[in-house]
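Biologist: Could you take me through one part of this model closely, namely the metal site and the ligand beside it? I would like the geometry and the criteria set out together.

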Amino acid sequence: MLPVISITSRSQEIENLVLVVNSLKALPEGVFTASESSYIRRQHKELKKDIIPYNRLENWIYVYVIKDEKSVPKRLEACRKAGNTVGEMLNSQKALNVVIFDHQANSSETLAFAEGMALGNYQFMKYKSDHEKENTLRRIEIYSEFINSDISSYEYLNIVNEAVYKCRDLINEPVSYLTATVFAREVEKLGKNCGARVEVMNKKKLEALQMGGILGVNLGSHEPPTFTVMEWKPEDALNKKPIVFVGKGVVFDSGGMNLKTGDSMMNMKGDMSGAAAAGLAVYGIEKAKLPVYVIGLMPATDNRPGTMAIVPGDILKMHNGMTVEVLNTDAEGRLLLADALSFAKKYKPELVIDMATLTGAAVRAIGKFACAGMQAKAPEEFLELTDSGFSVNERIVELPMWDEYAELIKSELADMKNTGSGDAGTISAGKFLEKFTDYPYIHLDIAGPAFLDKADSYRGIGGSGFGVRLLFDYVIKKVWNQPRKKKNAFA
Ligand code: BES
Ligand code: ZN
Ligand code: ZN
């Protein structure tokens with residue numbers, strides 16, 4: 001369960017305390033005796049421990065000495081990871097609460113520590129009968145004598161953490177529950193919760209809009225497709241034209257007639273991670289009442305073989321009238337996204353960012369530690385987004401979108417084909433998508449970091465929620481960088 005982060009004014013007589021310090025020179029008076037202080041210093045100096053647990057009867061005190069990293073993003077990430085480690089220790093003690101003492105005014109480090117602890121507390125317990133192993137931590141309080149706008153942004157942290165939890169829940173749901181219809185219903189619930197407008201387009205509507213890509217992928221399925229639109233348009237929006245987030249919502253990818261083999265189908269319930277991230281980014285931005293006009297577009301279906309399923313050689317007519325020769329039914333994500341991207345034109349967007357678990361090639365190229373990013377007509381925005389990627393450790397590695405790569409998707413029979421030649425599979429997929437855009441555009445292939453086979457600190461096993469923190473950071477920085485605007489609504 002998500003622990004709530006709050007600010008407290010009590011620093012004494014608490015059950016569990018974490019001290020976040022950048023040096024052990026001055027430990028707070030009244031917390032440690034002289035012998036305790038020297039024990040802690042010895043542990044750090046001689047045993048090179050960054051986290052020093054200290055047990056006092058029922059209570060635990062942990063001292064975390066911030067890693068001496070020069071780069072701010074690296075230092076914050078080390079704090080998040082340490083927060084997760086201490087959170088695990090507290091859960092093993094069955095602790096309910098903890099106070100983090102921001103002793104030396106390291107507000108952003110203390111917050112990052114709390115963030116890692118909160119995100120690391122996530123578990124997907126819905127299908128477990130035995131709740132014995134459920135994490136107990138419910139409250140994270142921060143005690144600081146240095147209340148400033150940094151520390152006050154803990155309110156935003158709670159909102160984003162909740163959005164990440166909800167995003168992970170959707171990704172972790174198997175398709176036996178989360179069909180395209182149920183996905184749309186879940187987004188409707190999110191809209192009711194946060195106040196954003198949600199519209200679900202059903203199969204009939206998609207037929208009327210001639211969305212041949214989504215409908216084509218859906219042909220092998222017994223479940224209808226959906227296309228969910230989530231809109232947050234505040235009156236005081238800084239932007240007239242919206243920023244549109246598009247997400248790949250393949251609720252299960254079997255590969256279709258080009259059936260996946262072996263273990264490659266194992267985690268394919270997570271093939272809707274992009275759509276989940278798009279929806280929950282809008283959710284977070286709306287909950288935080290950020291004055292930015294954003295829209296989420298979430299086309300959804302499963303990809304299955306079936307008597308009606310598309311087969312290699314079939315040619316689809318897309319929403320924008322272009323034709324696509326389907327040479328591999330497992331390259332389905334781009335077919336869905338193409339329709340959503342051409343649909344996005346009607347909003348005359350300021351920027352469109354899509355997120356998609358699109359290619360195995362992206363995983364092979366950069367692994368789980370970043371996503372692959374490409375841009376067209378959006379070089380400045382791409383730099384800002386990359387910067388946000390470092391801030392929240394959802395990093396982006398840029399790949400080129402040079403014209404030559406479009407050669408790879410030329411078709412003999414149709415306007416293009418849905419596979420490349422085998423080389424540069426991530427880029428040829430990006431070039432395919434670019435053909436359906438005419439606005440500033442960023443494509444993020446999140447196939448690597450969206451779903452983890454094993455836990456990576458506060459990113460546990462399964463859906464990571466990659467993209468939610470990234471887009472929230474990107475949008476909130478737009479607000480903060482506005483002159484004459486208050487930096488933090490909660491400050
Ligand atoms: N959903 C997969 C991509 C994927 C692979 C996501 C591994 C997460 C982990 C996508 O639909 C796919 O199957 N892509 C094919 C494209 C190929 C047939 C051109 C791939 O990458 O093999
Ligand atoms: Zn596929
Ligand atoms: Zn897929």
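**The paired zinc site**

Modeller: The zinc ion (ligand 2) is coordinated at 2.0 to 2.2 Å by Asp-253 (OD), Asp-330 (O), Asp-330 (OD) and Glu-332 (OE), where donors are N, O and S atoms within 2.8 Å of the metal (3.2 Å for Na, K and Ca), and water is not among the atoms, so sites may look incomplete. This is a predicted model, in which local features need pLDDT of at least 70 and side-chain atom pairs count only at pLDDT 80 or more, while totals for chains, interfaces and linings use all residues. Residues are numbered from 1 along each chain as its sequence is written, chains are lettered from A and ligands numbered from 1 in the order in which they are written, and side-chain values use heavy atoms, with hydrogens and water left out.

Around the zinc ion (ligand 2), the 6 donor atoms subtend angles of 71 to 168°, and the arrangement is therefore irregular. Under the criteria applied, four donors count as tetrahedral if all angles lie between 85 and 135 degrees; four count as square planar and six as octahedral if opposite donors are over 155 degrees apart and all others between 65 and 115; anything else is irregular. The spacing of its donor residues in sequence is D-x76-D-x1-E.

Asp-253 bridges this ion and the zinc ion (ligand 3), the two lying 3.2 Å apart. Because Asp-253 belongs to strand β10 (residues 249-253) and Glu-332 to the loop between β13 (323-325) and α10 (333-344), the pair ties together parts that are 79 residues apart in sequence; helices (H or I, at least four residues) and strands (E, at least two) are DSSP runs, numbered from the N terminus. Asp-253 is buried at 3% relative accessible area, as is Glu-332 at 0%, buried meaning under 20%, exposed over 50% and partly exposed in between (1.4 Å probe, protein chains only).

The zinc ion (ligand 3) has Lys-248 (NZ), Asp-253 (OD), Asp-271 (OD) and Glu-332 (OE) as its protein donors, 2.0 to 2.4 Å away, and its site, with angles of 76 to 173° among 6 donor atoms, is octahedral.

Ligand 1 also contacts residues of this site: one of its oxygen atoms is 2.9 Å from an N or O atom in the side chain of Asp-253, and a polar side-chain atom of Glu-332 lies 2.8 Å from an oxygen atom of ligand 1, a polar contact being a pair of N or O atoms within 3.5 Å; within protein, one must be able to donate a hydrogen and the other to accept it, and residues adjacent in sequence count only if both atoms are side-chain atoms.
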